[in-house]
Amino acid sequence: MLRAFLLLVLVLFSASSPAFAHPHLFVDNKLTFMFDESGLAGMLVEWKFDDMYSSGIIYDFDNGDGVFSKQENALLKRDNFSNLKKYDFFLEVVIDSSPFKVVFVQDFEASINNGRLVYRFFVPCHVSAGQHTKTIHVGVVDETNFVAITTQKEDVLLQKAEPLYRTELAFTPTSEFLQILSPNAIDRVALKFWKP
Amino acid sequence: MKKLIYFVVVLTIIVMVVYQADLFAHNFWQDFQGLIAQLQYYLKIKMTGLVSQLRQGDNLSLMWLVGLSFMYGMIHSLGPGHGKALIASFLVAGQATPKRAVIQGSLAAFFHGFSAIILVAMIKYFAMGRTSIVFNHWSANLQIIAYSLISLLGLFCVVSEIVELVRKKNRPLQVAKKVPEWWMWLSLGLIPCPGTMIILLFFMSQKLFALGVFLAVTMAFGMAVTLGVVGLCTVYCRDYIQQIRADNRCSSWSVIFDYVGLAGASFVLFVGLVLLTST
């Protein structure tokens, strides 16, 4: 019986972890909030994969010319990107306290930059601006922990916000453990915007 | 009636302690995993750089690569997964000696790494298609088999617990039937390690597949060290608690342990089924 009791404790311990997996690939994330004449239009997301994974995937999908053709791009999208839909493309978005589920993305493009695999895609997410402040919280996290995604403060950008809107960016710092190695890494970003 | 009240109060205390411990473990674990992930990232960057140096003729890089692969394997298997809970469960359920526990943990790591090496080699030499895609496809199917085996293991544990409870009532000195070791190795080894696949694919891209296989084996040795230590700790923990019970210092807890034991076995079955249905 004691053996089974220990078994329960061990299972509980493993269940207490944030996920059952562990990171196998690493991504540097860049997030750009895009504005238009009515407010926030969406987010441009750019993922730069680690060198080792990049080399393997480039070897697997590229014909050797160092550039992904239209056909290779389509194959990458089908075989190595579209399945992320079931994980909401690793995006956790909350608009004025209401969760926003990322169901689809646009303009997916894969490229090679200095030997690293880069994915770029746009997440449509219309939030009209008014006199009252609107707030959007965004986190880019793989809850299954298979992919370790890092976002640095300087990699959160705004485009076409000025002069139409006033904006404020606030960052939730990542854990103290992580800050030892990446002092500028963030957990979540909160964007506030309004019409002046 | 008095016994029932006593039972409910103690059970409530246990639930509260476990809940608090779980919250603490969750926060600590999340931070700890972040650190482990970052360390792995830096090791991967270093290994990629060393391969470039090796290609330029710096043979000393090979020595560093071997050392870093071993370290990468050790750190990589510290994260959640790799069957640590399963190995520990088997060792708790069985009667393995410390030496046997180290061997069992290490073998489980080897099976996990070697199945990936065999699968990648098959994909390469039989030209089965794009390595990453075919590997993931096979891995998904093998996971279904592996999780089915874990569910069966859970069922086996539940039945064993019930049998043990009944036997204890009639003959207190009966020992539950041992869980077969091969079951654990088969379950864990069937799931090929994706980390090993990424390393092998990288070395394929560098036209250094043989070196990749050698380093993947080195990485499996590193994983074996971590899982061997997990096995050893589990057996020491099991023996310590069994000693406390043998000393009769907490005999009044026996009733609760009996039912928590059944709950634990049911939980293994539940986890197996959840993993199976979510695959």
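This is a predicted model: local features need pLDDT of at least 70, side-chain atom pairs count only at pLDDT 80 or more; totals for chains, interfaces and linings use all residues.

Colleague: Start with chain B. How many helices and strands does it have?

Modeller: Chain B has nine helices and zero strands. Along the sequence the pattern reads α-α-α-α-α-α-α-α-α.

Colleague: And what share of chain B is buried?

Modeller: Buried residues make up 40% of its 279 residues. As for contacts in chain B with a separation of 6 or more, 81% of them link residues 24 or more positions apart.

Colleague: How many of the residues in α7(B) are buried?

Modeller: 10 of the 12, so mostly covered by the cut-off of 20 or more other C-beta atoms within 10 Å. The buried set includes Gly195(B), Thr196(B), Met197(B) and the run Ile198(B), Ile199(B), Leu200(B), Leu201(B), Phe202(B), Phe203(B). Ser205(B) is buried too.

Colleague: What comes after α7(B)?

Modeller: Lys207(B) follows, and its phi is positive, near 60 degrees.

Colleague: Which way does α7(B) sit against α4(B), parallel or oblique?

Modeller: Oblique. Helix α4 of chain B (residues 98–125) packs on α7(B) at an angle of about 40 degrees, with the axes 9 Å apart. Angles under 35 degrees would count as roughly parallel, so this pair falls into the oblique class. The crossing of α4(B) and α7(B) is right-handed.

Colleague: Which residues meet there?

Modeller: From α4(B) you have Gly113(B), Ala116(B), Ile117(B), Val120(B) and Lys124(B), and they meet Thr196(B), Met197(B), Leu200(B) and Met204(B) of α7(B). The residues of that contact divide into six nonpolar, two polar and one charged.

Colleague: I see a helix from chain A by α7(B) as well. What's the geometry of α2(A) and α7(B)?

Modeller: Their axes come within 8 Å and cross at roughly 60 degrees. The crossing of α2(A) and α7(B) is left-handed. On the α2(A) side the contact is made by Met52(A), Tyr53(A), Ser55(A), Gly56(A), Ile58(A), Tyr59(A) and Asp60(A). On the α7(B) side the contact is made by Ile198(B), Leu201(B), Phe202(B), Met204(B) and Ser205(B).

Colleague: How does that contact of α2(A) with α7(B) divide by residue type?

Modeller: Eight nonpolar, three polar and one charged.

Colleague: And α2(A) itself, how many of its residues are buried?

Modeller: Helix α2 of chain A (residues 51–61) has 10 of its 11 residues buried. Among them are Asp51(A), Met52(A), Tyr53(A) and Asp60(A).

Colleague: Switching to strands. Is Trp47(A) buried or exposed?

Modeller: Buried, because Trp47(A) has 21 C-beta neighbours inside 10 Å. Trp47(A) is in strand β2 (residues 39–49) of chain A. Leaving aside residues up to four places away in sequence, Trp47(A) touches Val27(A), Asn29(A), Val118(A) and Tyr119(A). The C-alpha atoms of Trp47(A) and Arg120(A) are 6.5 Å apart, although 73 residues separate them along the chain.

Colleague: Where does Val27(A) sit?

Modeller: In strand β1 (residues 25–36) of chain A. Val27(A) is buried, with 23 other C-beta atoms within 10 Å. With the same exclusion of residues up to four places away, Val27(A) touches Trp47(A), Lys48(A), Phe49(A), Val147(A) and Ile149(A).

Colleague: What about phi at Asp96(A)?

Modeller: Positive, near 45 degrees. Asp96(A) lies in the loop between β3 (91–95) and β4 (98–100) of chain A, and with 12 C-beta neighbours inside 10 Å Asp96(A) counts as exposed.

Colleague: And Asp107(A), what's its phi?

Modeller: About 55 degrees, again positive without being a glycine. Asp107(A) is in strand β5 (residues 106–113) of chain A and is exposed, with 10 other C-beta atoms within 10 Å.

Note on methods
Residues are numbered from 1 along each chain as its sequence is written. Chains are lettered from A and ligands numbered from 1 in the order in which they are written. Helices (H or I, at least four residues) and strands (E, at least two) are DSSP runs, numbered from the N terminus. Axes are lines fitted to C-alpha atoms, for helices over the stretch in contact, and angles run from 0 to 180 degrees between N-to-C directions. Angles under 35 degrees count as roughly parallel, over 145 as roughly antiparallel, 65 to 115 as roughly perpendicular and the rest as oblique. A crossing is left-handed if the near helix is turned anticlockwise from the far one by less than a right angle, and right-handed if clockwise. Two residues are in contact if their C-beta atoms, placed from the backbone, lie within 7 Å. Ala, Val, Leu, Ile, Met, Phe, Trp, Tyr, Cys and Pro count as nonpolar, Asp, Glu, Lys and Arg as charged, and the others, Gly among them, as polar.
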